[in-house]
Amino acid sequence: MTNLIIPITENVEGYLAGINKIALNSDAKIFIGITENLAEKLNLNFPNVDITVYEKNSKKEEILNAMKTLLPSGKVIICRRPISFEEFNDLKNSSAQITYCENQKSGRIIKYLKDFWQLITKAIFGVKTFQGDNSLIAFDDDIAEVLSNAENFSFATRVDRWKGCSQDKVSAKGAPAKVEQNKKYNAMLMLAIFLPLAVGAILTTCLALFVKISIIAGLFLACFDFICLGIAFFCLLLLIFSLTIGQKNHKTAIEIVKENENEKS
């Protein structure tokens with residue numbers, strides 16, 4: 001059995017065409033999480049489609065965290081954007097343990113930069129990023145079982161920390177989903193990049209102009225400048241990583257339960 005996990009927070013009409021075709025023409029089980037304000041637009045009546053409604057301001061990644069408990073046994077496809085029937089078949093039929101969509105082809109220099117970035121993220125953050133678009137990403141039975149126990153389910157489906165797992169790519173029929181960012185966190189990182197550089201430059205300039213610096217003081221000043229540069233560089237890496245994979249930690253969306261389902265006899 002192939003299972004689809006689909007969080008919907010916008011563009012309901014864009015999802016419906018693919019969902020209808022998959023529900024009618026396959027044995028897939030489709031789990032949909034949708035925000036309360038959009039639920040009325042989701043007019044579906046299939047035995048293999050399960051719909052859960054969440055609070056109206058819930059984000060996709062928050063809904064995914066909440067839907068972790070719904071993960072059944074079998075292959076799982078995470079859909080952060082509308083999925084076509086062709087994409088569904090390609091992901092379902094892939095024999096790799098992890099399958100996602102291809103990005104647009106890039107030049108050799110961009111490829112080298114991406115490979116270098118993978119080395120950096122692995123060394124500093126302990127994870128890699130998938131070499132493709134994870135808006136649609138499939139995990140086979142064994143990986144899906146591990147995912148169901150992941151503490152940060154959303155993050156676990158966006159970064160590649162899987163050792164020894166086979167991976168494959170399929171053609172994408174749609175544009176990648178927009179990465180959900182924490183703008184406040186990114187702004188703080190930008191400030192953390194600029195501030196140490198500014199402090200180091202201003203302090204060094206002022207001391208050089210107005211104070212006679214000894215060799216020992218000069219060495220301490222050079223060390224201070226190096227520390228400022230290191231802090232700025234590390235924050236820059238954090239910012240790039242955040243912009244690439246989005247906010248790391250998300251809350252869990254709150255399910256809306258109908259009153260008649262909550263009544264006690």
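## A walk through a predicted model

N186 sits in helix α7, which covers residues 183-210. Is N186 buried or exposed? Its relative accessible area is 6%, and buried means under 20%, so N186 counts as buried. Apart from its neighbours within four places in sequence, N186 is in contact with Q181, L239, S242 and L243.

Another helix to look at is α8, residues 215-245. C223 is found in α8, and with a relative accessibility of 46% C223 counts as partly exposed.

Which residues of α4 meet α8? They are W117, I120, T121, I124 and F125, and on the α8 side the residues are F234, L237, L238, I240, F241 and T244. An α-helix has 3.6 residues a turn, so residues three or four places apart point the same way.

Next comes the sheet. Seven strands form an open sheet with mixed pairing, in the order β3-β2-β1-β4-β7-β5-β9. At the edges are β3 and β9, each of which pairs on one side only. On average, neighbouring strands of this sheet are turned by 20 degrees against each other, direction ignored. In general, strands of a sheet pair through backbone hydrogen bonds, either parallel or antiparallel.

Both kinds of pairing can be followed here. Strands β1 and β4 run parallel and are joined by four bridges; in this pair, T2 stands opposite K75 in β4. On to strand β7, residues 133-139. Strand β4 (residues 75-79) runs antiparallel to β7, again with four bridges, and I78 stands opposite I137 in β7. Strand β5, residues 98-101, pairs with β7 over four bridges, also in the antiparallel sense. There the bridge partner of I98 is F139 in β7. Why is β7 described as largely enclosed by the rest of the structure? Seven of its seven residues are buried.

Helix α2 (residues 60-67) is mostly covered, with eight of its eight residues buried. These are K60, E61, E62, I63, L64, N65, A66 and M67. The buried residues of α2 pack against β1, α1, β2, β3, β4 and α6. Helix α2 lies across β1, β2, β3 and β4, and runs at about 140 degrees to β1. Helix α3, residues 85-93, lies across β1, β4, β5, β7 and β9, and runs at about 140 degrees to β4.

Last is the matter of confidence. The protein chain averages a pLDDT of 89, and 97% of the residues score at least 70. Where does pLDDT stay under 50? This happens over residues 259-265, for which the model has one contact beyond four places in sequence. Where pLDDT is low, the predicted coordinates should not be read in detail.

Key: Residues are numbered from 1 along each chain as its sequence is written. This is a predicted model: local features need pLDDT of at least 70, side-chain atom pairs count only at pLDDT 80 or more; totals for chains, interfaces and linings use all residues. Side-chain values use heavy atoms; hydrogens and water are left out. Axes are lines fitted to C-alpha atoms, for helices over the stretch in contact, and angles run from 0 to 180 degrees between N-to-C directions. Helices (H or I, at least four residues) and strands (E, at least two) are DSSP runs, numbered from the N terminus. Contact means heavy atoms within 4.5 Å. pLDDT is the predictor's confidence in each residue, from 0 to 100. Buried means under 20% relative accessible area, exposed over 50%, partly exposed in between (1.4 Å probe, protein chains only). Two strands pair if DSSP finds at least two bridges between them.
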